[in-house]
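Here is a note for a colleague who is opening this structure for the first time. Please read the points with the model in view.

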Amino acid sequence: MPEVISPGPIPGPPLFLDFLEGKADFGCTAWGIPSYSVFGWQRPCYLMSDGYAKTYRELVETTDWARYGRGRDPRCANCMAHCGYEPTAVLATMGSLKQSLRALSGA
Ligand code: SF4
């Protein structure tokens, strides 16, 4: 039987881990961890390519972010990727004293 090697703790805010475990639900914030390559800023994230923007400002201001995320675009249906949902968890953490203290404590 092959040995299972644990990668160890998953880094990130506790709320993102809650999301991965199905204990919290968030919308996608793909502009929070954008992807940049020789083609430019990929829209809306590195998992999908609906075009490129020349600058981060152009990406943020000309992308219809309301079109993306689970329940909005069929391509996003089963997505739980960090590039879309970890920024949401970070913003939720920063907006909550309780969650900020939880993140600081590492609990
Ligand atoms: S839900 Fe996933 S695939 Fe869809 S835009 Fe967000 S990060 Fe990209």
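1. Some terms come first. Helices (H or I, at least four residues) and strands (E, at least two) are DSSP runs, numbered from the N terminus. The expected span of a helix is 1.5 Å times one less than its number of residues. Numbering of residues starts from 1 along each chain as its sequence is written. The model is predicted: local features need pLDDT of at least 70, side-chain atom pairs count only at pLDDT 80 or more, and totals for chains, interfaces and linings use all residues.

2. Now the overall picture. The protein has four helices and three strands. Read from the N terminus, the order is α-β-β-β-α-α-α. Its C-alpha atoms fill a box of roughly 45 × 40 × 25 Å along the principal axes. Two residues are in contact if their C-beta atoms, placed from the backbone, lie within 7 Å. Among contacts with a separation of 6 or more, 55% link residues 24 or more positions apart.

3. Next, burial. A residue is buried if 20 or more other C-beta atoms lie within 10 Å of its own, exposed if 12 or fewer, and partly exposed in between, with C-beta atoms placed from the backbone. By that count, 24% of the 107 residues are buried.

4. Look at the sheet. Two strands pair if DSSP finds at least two bridges between them. The three strands form an open sheet in the order β1-β2-β3, with antiparallel pairing. β1 (36-37) and β3 are the edge strands, each with a single partner, so one side of each has no neighbour in the sheet. Four bridges join β2 to β3 (residues 48-53). A hairpin of two residues connects β2 to β3. Cys-45 has Met-48 of β3 as its bridge partner.

5. Turn to helix α3. Residues 82-94 make up this helix of 13 residues, which reaches 17 Å from first C-alpha to last, close to the expected 18 Å. Its buried residues are Gly-84, Tyr-85, Glu-86, Pro-87, Thr-88, Ala-89 and Thr-93. Their cover includes α1 (14-20), β2 (40-45) and α4 (97-105).

6. What lies at the centre of the largest nonpolar core? Such a core is a set of buried Ala, Val, Leu, Ile, Met, Phe, Trp, Tyr and Cys residues joined through C-beta atoms within 7 Å. The largest one has 14 residues, and Phe-16, Phe-19, Cys-28, Ala-30, Tyr-85 and Ala-89 have the most contacts inside it. α1, β2 and α3 each supply at least two residues of this core. The largest share, three residues, comes from α1. Beyond four places in sequence, Phe-19 is in contact with Ala-24, Phe-26, Met-80, Tyr-85 and Ala-89.

7. Which residues are closest to the ligand? They are Cys-28, Cys-45, Cys-76, Cys-79 and Gly-84, in a shell of 15 residues, each with its C-beta atom, placed from the backbone, within 6 Å of the ligand. β2 and α3 are the elements that give two or more residues to this shell. The shell divides into 11 nonpolar, two polar and two charged residues. Here Ala, Val, Leu, Ile, Met, Phe, Trp, Tyr, Cys and Pro count as nonpolar, Asp, Glu, Lys and Arg as charged, and the others, Gly among them, as polar.

8. Last, Ala-103. It lies in helix α4. Ala-103 is partly exposed because 19 other C-beta atoms lie within 10 Å. Ala-103 and Pro-13 are 90 residues apart in sequence, yet 5.9 Å apart in space, C-alpha to C-alpha. Beyond four places in sequence, Ala-103 is in contact with Pro-13, Pro-14 and Thr-93.
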